[in-house]
Amino acid sequence: MAFPGTRTAVEWLAAAAPDPDACRWEWERSPLGVALLPAGVHWDLLITPGELGGAALGVLRRLAAPPGPVLAAAGTARLGFFVPAGTASHWIGTGVRGAGRGSWIAVPYPGRAAGGPRWLELPDGRGTLTDPVLLELALHEAAARALAGEG
């Protein structure tokens with residue numbers, strides 16, 4: 001099932017691929033509905049442990065500005081937040097991995113259920129990314145709440 005803006009989200013994501021047509025072809029024909037896209041071109045990915053990332057996403061969703069795209073690995077053991085390109089190489093944080101230039105990410109077709117990674121926050125097609133400063137603050141708040149026993 002498609003969501004409003006699927007076409008623009010597909011075009012925005014495919015634009016990061018070395019061959020956008022091959023990327024769209026892979027999404028259409030891959031049994032998992034995923035394509036490999038290079039990080040570090042239009043965006044980087046910050047990968048968090050699932051529980052911490054989920055709590056941080058909850059914090060981000062309460063803010064006025066929406067978060068950028070967020071992927072969940074099969075299950076929710078890890079979450080990947082799309083942030084501006086170059087962020088991964090400067091990120092310092094325990095337990096958070098960065099995927100930037102030279103990394104490839106398995107990205108599912110927007111709005112389509114697949115057996116692998118899935119979208120928790122869909123790309124809007126306009127290039128909205130999560131602000132790394134807001135993500136850092138959300139991670140701190142989520143960690144503080146977990147330590148205080150607030151979940």
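Student: At 16% relative accessibility, does Y109 count as buried or exposed?
Tutor: Buried here is under 20% relative accessible area, exposed is over 50%, and partly exposed sits in between (1.4 Å probe, protein chains only). Y109 comes out at 16%, so it counts as buried.

Student: How many aromatic pairs does a search of the whole structure find?
Tutor: Bear in mind that this is a predicted model: local features need pLDDT of at least 70, side-chain atom pairs count only at pLDDT 80 or more, and totals for chains, interfaces and linings use all residues. Residues are numbered from 1 along each chain as its sequence is written, and side-chain values use heavy atoms, leaving out hydrogens and water. Rings of Phe, Tyr and Trp (its six-membered ring) pair if their centres lie within 6.5 Å; planes under 30 degrees apart are stacked, over 60 edge-to-face, the rest tilted. For aromatic pairs, the search turns up three.

Student: What kind of pair do W27 and Y109 make?
Tutor: Their ring centres are 5.7 Å apart and their planes meet at 90°. That angle is why the pair is edge-to-face.

Student: How far apart in sequence are the parts that W27 and Y109 tie together?
Tutor: Helices (H or I, at least four residues) and strands (E, at least two) are DSSP runs, numbered from the N terminus. W27 is in helix α2 (residues 20–29) and Y109 is in the loop between β6 (104–108) and β7 (118–121), so the parts joined are separated by 82 residues.

Student: And W43 with F82, what class of aromatic pair is that?
Tutor: Both residues are buried. The rings sit 4.6 Å centre to centre with 55° between the planes, and the pair is tilted.

Student: How many residues apart in sequence are the parts tied together by W43 and F82?
Tutor: W43 lies in strand β2, F82 in strand β4 (residues 78–84). The pair therefore links parts whose separation in sequence is 39 residues.

Student: Which residue joins W43 and F82 in one aromatic cluster?
Tutor: W43 and F82 are already paired. The cluster they belong to also has W119.

Student: D44 is buried, so which side chain of opposite charge is nearest, given that it has no salt bridge?
Tutor: A salt bridge needs a side-chain nitrogen of Lys or Arg within 4 Å of a carboxyl oxygen of Asp or Glu; Lys and Arg count as positive, Asp and Glu as negative, with His and the chain ends not counted. The D44 side chain does reach the backbone nitrogen of T87 at 3.0 Å, and that of A88 at 2.8 Å. The nearest opposite charge, 7.4 Å away, is R101.

Notes:
A polar contact is a pair of N or O atoms within 3.5 Å; within protein, one must be able to donate a hydrogen and the other to accept it, and residues adjacent in sequence count only if both atoms are side-chain atoms.
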